[in-house]
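Subject: Structure for you to look at

Hello,

Here is the structure I promised to pass on. Please open it beside this email and follow along.

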Amino acid sequence: MAYPYNSTVAEAIKRAGLPKSHRVHWSDNRKADVVRAVREEVISFDEASERYLLSRTEFREWEERFGETATANETRETADA
């Protein structure tokens, strides 16, 4: 399980600032946020796939395109802290 036992997927998604469903405008930042959340195990790929209607191929494309962005944003946030 990617989130604490006493938590729900919805709570984990809310804490991570992710969209509630696939019915949003998918900006580059939102895609990078989903990639980062899956990488950091905030949510699993299966949960992201189901919630956001992502195919494995589409998610891999997001990873290739936004994986470095997600890591750079994470590094920047750590440096600011």
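At roughly what angle do the axes of helix H1 and helix H3 cross? Before the answer, please note that this is a predicted model.

**Two helices**

The axes of H1 (residues 9-16) and H3 (residues 45-52) cross at roughly 85 degrees and come within 12 Å. Angles of 65 to 115 degrees count as roughly perpendicular, and H1 and H3 are therefore roughly perpendicular to each other. On the H1 side, the residues that meet H3 are Val9, Ala10 and Ile13. Their counterparts in H3 are Glu47, Arg51 and Tyr52. Sorted by type, the residues of this contact are four nonpolar and two charged, with no polar ones.

**Aromatic residues**

Three aromatic pairs turn up in a search of the whole structure. One of them joins Trp26 and Tyr52 in an edge-to-face arrangement, with 5.2 Å from centre to centre and 80 degrees between the planes. Trp26 sits in the loop between H1 and helix H2 (28-39), while Tyr52 belongs to H3, so this pair ties together parts that are 26 residues apart in sequence. Are Trp26 and Tyr52 buried or exposed? Both are buried.

Trp26 also pairs with Trp62, and here the arrangement is tilted: the centres are 5.1 Å apart and the planes are at 50 degrees. Trp62 lies in helix H4 (residues 56-80) and Trp26 in the loop between H1 and H2, so the pair ties together parts that are 36 residues apart in sequence. Trp62 is buried, as is Trp26. Trp26, Tyr52 and Trp62 form one aromatic cluster.

**Salt bridges**

How many salt bridges does the structure hold? There are two.

Asp28 forms a salt bridge with Arg65, and their closest N and O atoms are 3.5 Å apart. Asp28 is in H2 and Arg65 is in H4, so the pair ties together parts that are 37 residues apart in sequence. Asp28 has 38% relative accessibility and counts as partly exposed. Arg65 has a relative accessible area of 54% and is exposed.

Arg36 forms a salt bridge with Asp33, with 2.8 Å between the closest N and O atoms. Both residues lie in H2, three residues apart, which is about one turn of the helix. Why does Arg36 count as buried? Buried means under 20% relative accessible area, and Arg36 counts as buried because its relative accessibility is 13%. Asp33, at 21%, is partly exposed.

Regards

Key. Residues numbered from 1 in each chain as written. Predicted model: local features only at pLDDT ≥ 70, side-chain atom pairs only at ≥ 80, totals over all residues. Heavy atoms only, no water. Axes fitted to C-alpha atoms, helices over the stretch in contact; angles between N-to-C directions. Helix = DSSP H or I, 4+ residues; strand = E, 2+ residues; numbered from the N terminus. Parallel < 35°, antiparallel > 145°, perpendicular 65-115°, else oblique. Contact = heavy atoms within 4.5 Å. Nonpolar A, V, L, I, M, F, W, Y, C, P; charged D, E, K, R; others polar. Phe/Tyr/Trp six-rings, centres within 6.5 Å; stacked < 30°, edge-to-face > 60°. Buried < 20%, exposed > 50% of the residue type's maximum accessible area, 1.4 Å probe, protein only. Salt bridge = Lys/Arg side-chain N within 4 Å of Asp/Glu carboxyl O.
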